[in-house]
Amino acid sequence: MKKFSLLLVIISLFIITGCDKKEDTSTPKDEPQPIPVKKLQIFDPDSNSRVIAVQINNHDQARLNHAGLQDAFIVYEAMVEGGITRMLALYKDKTTEKIGSVRSSRPYFLDYVLENDAIYVHFGFSDQAKKDIISLGINNINGLYDNAFWRDTTLNVAYEHKAFTSMEKINNLIKQKGYRTTSNSEPVLNYDVDEVDIKEETETELKDGTKETIITNKANTVVIPYSYYMTVKYEYDNINKVYNRFANDKAHVDAITKKQYNFKNIIIIKVKNYSIDSYGRQALDNIGTGSGYFITNGCVKEITWQKDSRSSKTIYKYLDGTDVIVNDGNTFIQIVPINSNIEIS
């Protein structure tokens with residue numbers, strides 16, 4: 001009887017430790033784990049949402065109340081009449097609650113709307129811009145006719161500087177108008193999820209025989225004079241690796257967040273501009289080729305730009321012919337007069 005009991009114990013142990021033992025499918029701790037795939041942060045590259053482009057007022061009075069520009073992944077700036085500049089801010093998959101103030105269209109901004117396959121948001125237009133919006137079939141939302149704007153009556157500025165919009169209002173109008181909301185258009189800029197390093201170094205021998213490495217293309221301060229009325233400046237923050245923006249030597253600050261605007265990348269392109277009427281409205285020779293600069297992470301490199309038609313994407317290249325790759329972050333594209341005395345130090 002004792003032998004029989006012992007046999008039962010042995011069989012039970014065999015069942016527990018042998019036949020019924022579940023296979024260990026867990027990954028051994030010392031086995032290499034898969035590396036997470038890095039993804040672009042400035043916008044979702046897998047999203048096919050269409051870009052929304054908003055025309056931003058940059059008069060001195062308007063600039064005091066700028067809102068929502070930090071959410072834009074690209075901002076363009078170019079001359080308009082009277083030495084003033086105007087901006088075009090591009091948004092993708094944002095919920096920004098206040099953007100502006102919004103101002104009227106000028107025809108050359110349409111070229112950057114087209115190359116980004118964007119829906120265009122503006123408040124009014126010049127005669128030529130009106131004709132071009134119609135002839136080019138640009139999907140647009142216009143404050144003269146469309147209920148996507150409000151006047152901020154709390155502001156102590158002229159009436160024309162009080163028009164604002166929001167992504168909610170814009171998207172509601174897009175739905176009402178039945179505009180296409182998706183796009184297969186590739187981004188104008190080439191992005192890298194890793195840090196793009198454009199610094200150029202040279203090794204110098206000191207008097208004591210030691211050698212020192214010097215960065216020869218530093219860009220800690222960038223000054224861009226557009227006219228007697230408007231000068232843009234950027235100062236590099238080497239801790240956060242962004243450029244803080246100034247307008248006429250004053251910090252360019254968001255009226256909602258109270259934070260200074262900053263940008264990861266700056267692209268400067270030199271373009272001839274000239275007056276086309278007695279009011280001083282401008283034309284830009286932005287179809288063709290020219291020179292400029294790419295600035296990021298405290299350094300600068302000379303580039304070329306090429307735009308073959310109003311709807312074609314602007315191509316940015318280094319002088320050796322390779323494509324400009326920008327860092328993962330927001331970009332300010334400064335379209336400056338060809339004779340502008342740009343200072344980079």
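T314 touches Y112, E115, V188, W305, Q306 and K307, leaving aside residues up to four places away in sequence; contact here means heavy atoms within 4.5 Å. The model is predicted, so local features need pLDDT of at least 70 and side-chain atom pairs count only at pLDDT 80 or more, while totals for chains, interfaces and linings use all residues. Residues are numbered from 1 along each chain as its sequence is written, and side-chain values use heavy atoms, with hydrogens and water left out.

**Two loop residues**
- T314 lies in the loop between β21 (299–307) and β22 (315–318); helices (H or I, at least four residues) and strands (E, at least two) are DSSP runs, numbered from the N terminus.
- T314 counts as buried because its relative accessibility is 3%; buried means under 20% relative accessible area, exposed over 50%, and partly exposed in between (1.4 Å probe, protein chains only).
- The side chains of T314 and E115 make a polar contact at 2.8 Å; such a contact is a pair of N or O atoms within 3.5 Å, where within protein one must be able to donate a hydrogen and the other to accept it, and residues adjacent in sequence count only if both atoms are side-chain atoms.
- Y179 is placed in the loop between α5 (167–177) and β9 (190–192), and Y179 is buried because its relative accessible area is 17%.
- Leaving aside residues up to four places away in sequence, Y179 touches I119, N139, N140, I141 and I174.
- Between the C-alpha atoms of Y179 and R50 there are 10.0 Å, with the two residues 129 residues apart along the chain.

- Six of the six residues of β2 (74–79) are buried.
- Both faces of β2 are covered, with I74, Y76 and A78 on one side and V75, E77 and M79 on the other.
- In a regular strand, side chains alternate between the two faces of the sheet.
- β2 runs antiparallel to β3 (residues 85–91), joined by six bridges; two strands pair if DSSP finds at least two bridges between them.
- The hairpin of β2 and β3 has five residues between the strands, and G82 there takes a positive phi near 75°.
- β2 also pairs with β24 (residues 331–337), in the parallel sense over four bridges.
- V75 stands opposite A89 in β3 and has F332 as its bridge partner in β24.

**A three-stranded sheet**
- An open, antiparallel sheet has the strand order β4-β8-β7.
- β4 (99–100) and β7 (149–151) are the edge strands, each pairing on one side only.
- Two bridges link β4 to β8 (residues 163–165) in the antiparallel sense, and I99 stands opposite T165 in β8.

**Pockets**
- The largest pocket holds about 330 Å³ of space; a pocket is an open set of points on a 1 Å grid over the protein atoms alone, where a 1.4 Å probe fits, with protein on both sides within 12 Å along at least five of seven lines, and lining residues have an atom within 4 Å of a point.
- A volume is the space filled by probe spheres set on the points, which are joined across faces, edges and corners.
- Its lining has 22 residues, with F43, K92, S185, E186 and P187 nearest the centre.
- By class, the lining of the largest pocket has 10 nonpolar, seven polar and five charged residues; Ala, Val, Leu, Ile, Met, Phe, Trp, Tyr, Cys and Pro count as nonpolar, Asp, Glu, Lys and Arg as charged, and the others, Gly among them, as polar.
- The second largest pocket has a volume of about 220 Å³, and α2 (60–63) and β15 (250–251) each supply at least two residues of its lining.
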